[in-house]
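Hi,

Here is the structure I promised to pass on.

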Amino acid sequence: MTTSWSVPLADARVAVQELADEHRWQSMYARFLNRLLFRLVTPRQRHRLFRRFYRVLSDDAIERFYSHRFTAGDAAKIIVGLPPTVIGLRPIRFVRSFFRRDN
């Protein structure tokens, strides 16, 4: 993020919009990951996702993720690659969760 908190008042609107856009993207991505965890993977297999998360990401990237300041590169590292297991996936339930309102 290139936005600084010490911007001239005239540029404040642009700075706030940039922050809002970045927050929107990060929030959407976090909800997507939440949906992956709770709709795609069975409860008995979820620990494998966490094991992969902590194995693939550096400590700095994990800190950025939990402080909601992760980068597009961090996001790609989380998603790209083979899932830790194929057994225990529920792809139909996952896809259906995008269209249902009661999730």
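Ile 78 sits in helix H4; helices here (H or I, at least four residues) and strands (E, at least two) are DSSP runs, numbered from the N terminus. With a relative accessibility of 13%, Ile 78 counts as buried, where buried means under 20% relative accessible area, exposed over 50% and partly exposed in between (1.4 Å probe, protein chains only). Before you go further, note that this is a predicted model, in which local features need pLDDT of at least 70 and side-chain atom pairs count only at pLDDT 80 or more, while totals for chains, interfaces and linings use all residues. Residues are numbered from 1 along each chain as its sequence is written, and side-chain values use heavy atoms, with hydrogens and water left out.

Back to Ile 78. If you leave aside its neighbours within four places in sequence, Ile 78 is in contact (heavy atoms within 4.5 Å) with Tyr 29, Leu 33, Arg 52, Phe 53, Leu 57 and Phe 65. One of these, Leu 57, is 21 residues from Ile 78 in sequence and 7.4 Å from it in space, C-alpha to C-alpha. There is another such pair in Val 56 and Lys 77, which are 21 residues apart in sequence and 7.1 Å apart in space, again C-alpha to C-alpha. Val 56 belongs to helix H2 and is partly exposed, with a relative accessible area of 34%.

Of its 103 residues, 26% are buried. Among contacts between residues at least 6 apart in sequence, 66% join residues at least 24 apart.

Now the rest of H4. In this helix (residues 72-79), Asp 74, Ala 75 and Ile 78 are buried. Looking down the axis of H4, the buried residues fall within an arc of 100°, so they line one face of the helix; the arc is that of the directions from the helix axis to the C-beta atoms. What do the buried residues of H4 pack against? They pack against helix H1 (12-40), helix H2 (46-56) and helix H3 (59-66).

H2 can be read in a similar way. Its buried residues are Arg 46, Arg 52 and Phe 53. They cover an arc of only 120° around the axis, which puts them on the same side of H2. Arg 51 and Arg 55, on the other side of H2, are exposed. The cover over the buried residues of H2 includes H1, H3 and H4.

Next, H1 against H4. The two axes come within 12 Å and cross at roughly 10°; axes are lines fitted to C-alpha atoms, for helices over the stretch in contact, and angles run from 0 to 180 degrees between N-to-C directions. That makes H1 roughly parallel to H4 (angles under 35 degrees count as roughly parallel, over 145 as roughly antiparallel, 65 to 115 as roughly perpendicular and the rest as oblique). H1 brings Trp 25, Tyr 29, Phe 32, Leu 33 and Leu 36 to the contact, and H4 brings Ala 72, Ala 75, Ile 78 and Ile 79. A search of the whole structure finds eight aromatic pairs, meaning rings of Phe, Tyr and Trp (its six-membered ring) with centres within 6.5 Å; planes under 30 degrees apart count as stacked, over 60 as edge-to-face and the rest as tilted. The rings of Trp 25 and Phe 70 have centres 5.5 Å apart and planes at 50°, so this pair is tilted. Trp 25 lies in helix H1 and Phe 70 in the loop between H3 and H4, so the pair ties together parts that are 45 residues apart in sequence. Phe 70 is buried, with a relative accessible area of 2%. Ring pairs link Trp 25, Tyr 29, Phe 53, Tyr 54, Phe 65, Tyr 66 and Phe 70 into a cluster.

Last one: His 68, in the loop between H3 and H4, has a positive phi of about 60° although it is not a glycine.

Cheers
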